[in-house]
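Reader: I would like a close look at the charged side chains in this model. Please take the salt bridges and then the other charged residues.

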Amino acid sequence: MIPETANETMQRRTMPGHNKTAAVDRGRSRARITGDNVRRLREERGYSLEQVVSAMKDLGYNWTKTTLYKIEHGERRFLLNEAVDMLAALGLDPLHDMPRLMCPEKRVRAIELGETHRRATRKLIQAARDYMTALTAYERILDDLKAETADDGTQVESQIESVHMNHDATVKLVVAELND
């Protein structure tokens with residue numbers, strides 16, 4: 001059989017009916033993404049190859065440094081039970097952190113930023129509620145003071161007016177910051 005040229009190989013890969021090769025390439029690509037993520041997570045958590053291998057052996061896996069090296073370089077399949085146990089061995093939550101292991105880095109970053117956005121939104125809403133609660137309580141106290149000091153209501157009136165001006169300025173500042 002005559003060996004194919006690189007051009008013939010590319011044509012075969014892109015021709016209809018030859019999707020098996022393309023599927024293998026995608027599989028290798030996924031394995032490479034997962035392997036890169038395994039290495040990144042291991043290094044982020046400060047673990048050496050030896051430490052991860054030792055932890056996996058403690059969990060009953062027959063891993064060697066070569067096993068982990070091959071996973072990190074997309075040369076060996078990384079089974080789901082291994083992934084779950086390795087995440088736990090790295091001190092991560094397998095349910096929460098599995099996307100960090102299996103998805104491309106940009107997608108992982110998008111997930112993390114989405115979570116950060118949701119947390120910040122909840123904090124912002126709580127801060128707005130706290131602000132409105134404090135403002136309402138302050139206005140009630142000023143109204144009570146105004147009623148108690150009927151003879152000198154002008155000073156309290158100016159405080160109430162000041163509170164409303166500060167509130168308006170605060171709202172404008174927050175809106176301006178959100179629009180930037």
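Author: **Charged side chains**

Arg-76 and Glu-82 are joined by a salt bridge between their side chains, at 2.9 Å from N to O. A salt bridge here is a side-chain nitrogen of Lys or Arg within 4 Å of a carboxyl oxygen of Asp or Glu. Arg-76 is partly exposed because its relative accessible area is 27%, whereas Glu-82 is buried, at 4%. Buried means under 20% relative accessible area, exposed over 50%, and partly exposed in between (1.4 Å probe, protein chains only). The areas come from the Shrake-Rupley method with a 1.4 Å probe, and for residues only the protein chains shown count as cover.

The model is predicted: local features need pLDDT of at least 70, side-chain atom pairs count only at pLDDT 80 or more, and totals for chains, interfaces and linings use all residues. Residues are numbered from 1 along each chain as its sequence is written, and side-chain values use heavy atoms, with hydrogens and water left out.

The whole structure holds 11 salt bridges. One of them links the side chains of Arg-40 and Glu-44, at 3.2 Å from N to O. Both residues belong to helix α2 (residues 19-44), where they sit four residues apart, about one turn of the helix. Helices are DSSP runs (H or I, at least four residues), numbered from the N terminus. Arg-40 counts as buried because its relative accessibility is 16%; Glu-44 is partly exposed, with 47%. Another salt bridge pairs Arg-42 with Glu-43, whose closest N and O atoms are 3.9 Å apart. Arg-42 is also buried, at 9% relative accessibility.

Glu-72 lies in helix α4 (residues 65-72) and is buried, with a relative accessible area of 2%. Apart from neighbours within four places in sequence, Glu-72 contacts Arg-32, Gly-35, Asp-36, Val-38, Arg-39, Arg-42 and Leu-49. Contact means heavy atoms within 4.5 Å.

On the surface, Arg-118, Arg-119, Arg-122 and Lys-123 form a patch of positive charge. Patch residues have over 30% relative accessible area and no salt bridge, and like charges are joined within 9 Å. Lys and Arg count as positive and Asp and Glu as negative, while His and the chain ends are not counted. The place of a charge is taken as NZ of Lys, CZ of Arg, CG of Asp or CD of Glu. Lys-123 belongs to helix α7 (residues 105-148) and counts as exposed, at 63% relative accessibility.

Notes: Patch = residues over 30% accessible without salt bridge, like charges linked within 9 Å, V, L, I, M, F, W, Y side chains within 5 Å. Helix = DSSP H or I, 4+ residues; strand = E, 2+ residues; numbered from the N terminus.
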